[in-house]
Amino acid sequence: MAIILSEAEAKALLQKVLAYSKADECEITLQGEQRGNIRYARNEVSTSGSLVNQNLAVKSSFGKKTGIATIDEFSDESFEKVVRRSEELAKLAPENPEFMSIIGPQKYLSSKGYFESTAAVNPDSRAAAVGKSLELSRAQNLTAAGFLENETGFSAMMNSKGLFAYYPSTSVNFSLTVRTPDGTGSGYVARGYSDFSKLDTAAATRIAIAKSKGSVGAKALEPGKYTVILEPTAAAVLLENIFFRMDARSADEGRSFLSKQGGTTKLGEKIVDERVNIYSDPLNPDLPASPYSGDGMPQKRMNWIEKGVVKNMYYNRYWAQKKGVEPVPFPNNMIMEGGTASLEDMIKSTKQGILVTKLWYIRTVDPQTLLLTGLTRDGTFYIENGKIKHPVKNFRFNESPVIMLNNLETLGKPERVVSTESERNYMIPPMKIREFTFSSLSDAV
Amino acid sequence: MKRRDFMQMSGMGLGALMLPNVPVIGNSVPVEHLLDPWMDAPVKKILSEIALNAAKSKGATYTDVRIGRYLQQYVFTREKQVQNIQNAESYGIGIRVIANGTWGFAATSDVTADGIAKCAATAVAIAKANSKFQKEPVVLAEQKGVGDKTWKTPIKKNAFEIPIQEKIDLLMNVNGAAMANGAGFVTSNLFFVNEQKYFASSDGSFIDQDVHRIWPTFTVTAIDKAAGKFKTRDAISSPMGMGFEYLDGLASEKIAGPNGLVGYRNSYDMVEDAIVAAKQAKEKMTAKSVLAGKYDLVLDPNHLGLTIHESVGHPTELDRVLGYEANYAGTSFATLDKWQAKNFNYGSKLVNIVADKTQAHTLGAVGYDDEGVPCKEWNIIKDGILVNYQATRDQVSILGEKESHGCCYADNWNSVQFQRMPNISLKAGTEKRSVLDMIKGVDKGIYIIGRGSYSIDQQRYNFQFGGQVFYEIKNGQIAGMLEDVAYQSNTQEFWNSCSQLCDKDDYRTFGSFFDGKGQPSQVSAVSHGSATTRFDAVNVINTGRKI
């Protein structure tokens with residue numbers, strides 16, 4: 001049997017498994033994925049591999065008792081066994097006081113996240129894509145280390161109340177670090193696409209090469225507050241800490257940056273600059289995403305921050321019921337609106353500032369204020385009178401993305417980026433921020 | 001969707017963002033299944049010989065085979081309820097070969113003669129395909145076959161044999177104790193891991209190992225809704241290479257510290273720690289905000305372990321030094337020329353850092369690594385000087401050594417083994433000294449306990465660490481709790497400011513259960529031992545902000 005099932009095949013398989021159920025209610029999720037990767041360092045391929053994975057999970061409930069069992073070997077015998085096992089586990093489980101009954105049939109948006117170009121990737125096309133990159137770095141006597149991973153997969157679910165959902169998707173992520181042979185320069189690039197034909201490893205490699213050569217001879221600047229231009233790759237790793245923490249329950253419980261004095265939350269309040277608009281949309285053509293959440297809830301366009309105001313938080317079904325509101329699932333993508341300025345325009349309009357191309361090792365210092373720490377990496381540059389003057393040594397920063405978005409100067413044109421922390425893809429604009437706090441210098445290149 | 005994403009999304013439904021994002025491998029199975037015996041060693045030997053022969057016949061000049069069964073049991077709770085119980089099993093075979101002087105790897109869950117032979121052929125085919133990119137052939141340090149061997153973590157109570165109800169009862173007691181002592185919220189978790197792995201190589205080694213690890217942990221949150229404030233305190237347990245006996249809470253393994261504080265050696269009292277945690281979380285709400293500046297730091301082993309991990313463990317990984325991790329984890333400031341010079345002052349003369357995979361009760365302890373090398377102990381920093389790295393069989397020749405350090409590990413049968421950190425520990429002082437003695441000598445300092453926020457650059461120069469609990473030291477005495485503390489330093493400057501060590505009576509291990517490295521990322525577990533240690537005039541920043 002194929003690993004990547006069509007909608008009809010997935011439906012037939014799920015119906016077959018569901019027919020074994022004797023529980024009060026039953027929900028089955030099905031996933032299949034084919035992944036391939038190639039990794040290189042010191043201008044040579046170091047490892048490469050492929051992974052084929054399929055998984056079927058059965059959730060059975062008796063009253064408020066639930067059991068989950070999974071299998072990755074598919075046969076009629078194993079289908080019946082996994083259903084029985086989930087029912088046995090459910091009977092043994094303690095009652096869940098936050099139990100929520102499964103939901104019935106839903107209407108989902110139609111989102112195109114599956115591209116034949118990506119599904120057709122094989123070891124040869126992977127090697128060819130990497131070969132184009134290696135050729136360029138070797139020709140310039142630079143040292144490349146990179147990773148390319150492609151994935152083709154689908155997810156589907158069905159339950160005893162008649163819900164059925166199916167979503168096929170593809171993705172490719174490419175990242176590359178180019179270093180000068182003496183280790184005094186380093187540049188980075190990362191690209192993520194659903195459609196492999198959009199990936200131009202040579203063009204991406206030229207960016208990493210330019211940053212690598214351009215970062216040689218970095219000068220030390222005093223730590224302190226600076227106007228910075230964050231390239232989207234750098235901004236993403238800060239902003240995702242806001243995205244991950246917009247959970248209503250934590251806010252209501254008083255343990256979130258969205259909690260407020262007096263036990264209320266900041267829902268409906270302006271927390272950042274009014275030009276900040278953040279939303280999710282499974283239909284975004286540049287960042288398509290699954291139209292349903294893990295529990296089968298439909299995903300639709302949802303505003304999270306609109307004109308600087310918190311418009312929505314995530315409510316799981318239990319918490320929504322408790323609070324008497326509609327559930328709001330955790331979104332499958334995140335998009336920050338921007339302006340029309342290009343990165344070059346933003347540099348041109350900067351009297352004094354620092355261009356930050358990548359940030360590294362981001363950790364939360366204080367969850368109350370979302371204070372984060374981390375460092376600049378792989379290309380940091382001083383801007384004076386609208387021009388890049390020279391590379392600067394890397395800084396450690398201590399900054400909250402909430403404070404940062406209050407100190408917003410300009411937003412550029414959003415582009416799809418790969419988070420170097422979570423590997424998630426987002427649409428993020430480059431942004432100019434005043435008074436960004438660098439607290440110490442690093443000797444790292 | 002990647003498994004990690006799926007886990008994150010499942011986590012959303014269960015307990016919002018309070019569930020730790022932990023990797024779960026394999027399939028969920030009934031709890032009894034975790035105790036079922038698997039294949040006997042003689043059967044595994046027959047299967048591994050099929051792989052060895054198949055690879056050789058296809059042209060492999062070296063082959064190793066890992067037949068592994070990986071078991072996990074994870075229990076997650078919050079307040080009065082069980083959020084999730086994960087019982088997972090994963091088994092299969094990973095075959096690594098050298099052909100045309102190049103590594104190749106393939107893995108399969110089809111553990112039949114046919115499946116294994118196909119997998120071996122794939123590994124050889126990948127090696128041959130990749131050899132086109134290879135400039136110099138792989139050189140393996142010699143490793144004589146050790147014949148048939150077995151090794152088992154010396155546990156007293158197999159955690160998988162303890163009934164689930166007992167584990168739930170323990171966590172409910174922990175949560176109840178925290179709530180009764182002022183916590184607003186509490187989450188508590190138990191992690192148990194058992195790796196049953198069989199290694200065979202064309203060198204003539206057939207090694208059967210049974211490895212156990214345990215990690216009990218919790219987070220207590222204190223809330224002041226009126227003020228809109230919250231503070232957390234995590235458990236000061238350590239993940240260990242032990243069985244359920246780690247949770248016995250033996251009085252003999254407690255170390256009395258200043259102000260009634262308790263440290264735990266090889267036995268942990270989870271309920272007792274939860275009570276202290278709830279009280280400390282509340283105390284943190286009104287603690288004095290630190291005044292930024294230079295302080296002498298007195299660092300508890302449960303805190304210092306992470307600083308050792310990040311600032312000594314990672315920079316002395318030879319693959320990082322050579323550039324193999326440049327695209328992700330980074331490279332290292334501890335370059336080969338510094339080691340060759342034999343006079344690079346990594347730290348003060350007091351600093352002696354050893355690597356080992358032999359120390360009892362640690363996460364790194366095994367009999368043999370994942371390329372069949374018997375485990376040992378060696379020096380990384382001797383009297384403050386960088387003297388060695390952590391290396392595998394295909395790396396030690398670079399160091400002029402003939403014997404591997406035994407640092408090869410794969411987190412699953414389907415992952416390729418590569419260089420991973422052994423235990424990296426700071427030796428205790430030889431002079432008799434307790435924590436109280438140490439604090440008496442400090443005029444202006446901070447005593448830090450527990451693992452907090454951590455961040456270090458990609459070459460391991462500049463770091464910033466927080467902690468769980470901070471106490472101000474004034475004129476040789478604890479003067480109360482501090483908040484908003486983080487210290488920043490440069491690795492070499494920091495270790496050269498090491499001025500005093502407590503003695504072996506205070507020595508304990510800290511551990512990291514899910515240390516990530518590589519692309520695709522693999523986890524490993526590693527311990528770091530030390531006694532409480534003093535560092536002079538370290539830069540402390542204030543992390544308090546208003547939003």
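**Exercise 1. The annotated spans of chain B**

How far apart do the end C-alpha atoms of residues 293–525 of chain B lie, and how much of the span is helix and strand?

*Solution.* The model is predicted: local features need pLDDT of at least 70, side-chain atom pairs count only at pLDDT 80 or more, and totals for chains, interfaces and linings use all residues. Residues are numbered from 1 along each chain as its sequence is written, chains are lettered from A and ligands numbered from 1 in the order written, and side-chain values use heavy atoms, without hydrogens and water.

Step 1. The end C-alpha atoms of residues 293–525 of chain B are 35 Å apart. The span is 15% helix and 33% strand. Helices (H or I, at least four residues) and strands (E, at least two) are DSSP runs, numbered from the N terminus.

Step 2. UniProt gives this span as "domain: Metalloprotease TldD/E C-terminal" in an unreviewed entry. Such positions follow the numbering used here, feature names are shortened, and annotations may be inferred rather than shown by experiment.

Step 3. Turn to residues 64–127 of chain B, listed by UniProt (unreviewed entry) as "domain: Metalloprotease TldD/E N-terminal". Here the chain is 23% helix and 64% strand, with end C-alpha atoms 14 Å apart.

**Exercise 2. The interface of chain B and chain A**

Describe the interface by area, contacts and residue class.

*Solution.* Step 1. Take the area. Chain B and chain A bury about 7,100 Å² between them, 48% of it on carbon and sulfur atoms. Buried area is the accessible area (1.4 Å probe) that two parts lose on being put together, summed over both. On the side of chain B, Phe133(B), Phe230(B) and Ile547(B) lose the most area to chain A, together 11% of what that side buries.

Step 1. Take the contacts (heavy atoms within 4.5 Å). They join 71 residues of chain B to 93 residues of chain A.

Step 2. Look for salt bridges, meaning a side-chain nitrogen of Lys or Arg within 4 Å of a carboxyl oxygen of Asp or Glu. The rule finds two across the interface. Glu325(B) and Arg39(A) form a salt bridge at 2.8 Å, N to O.

Step 3. Find the main contributor. Helix H1 (residues 3–15) of chain B gives nine residues, the largest share of the side that touches chain A.

Step 4. Sort that side of chain B by class: 31 nonpolar, 24 polar and 16 charged residues. Ala, Val, Leu, Ile, Met, Phe, Trp, Tyr, Cys and Pro count as nonpolar, Asp, Glu, Lys and Arg as charged, and the others, Gly among them, as polar.
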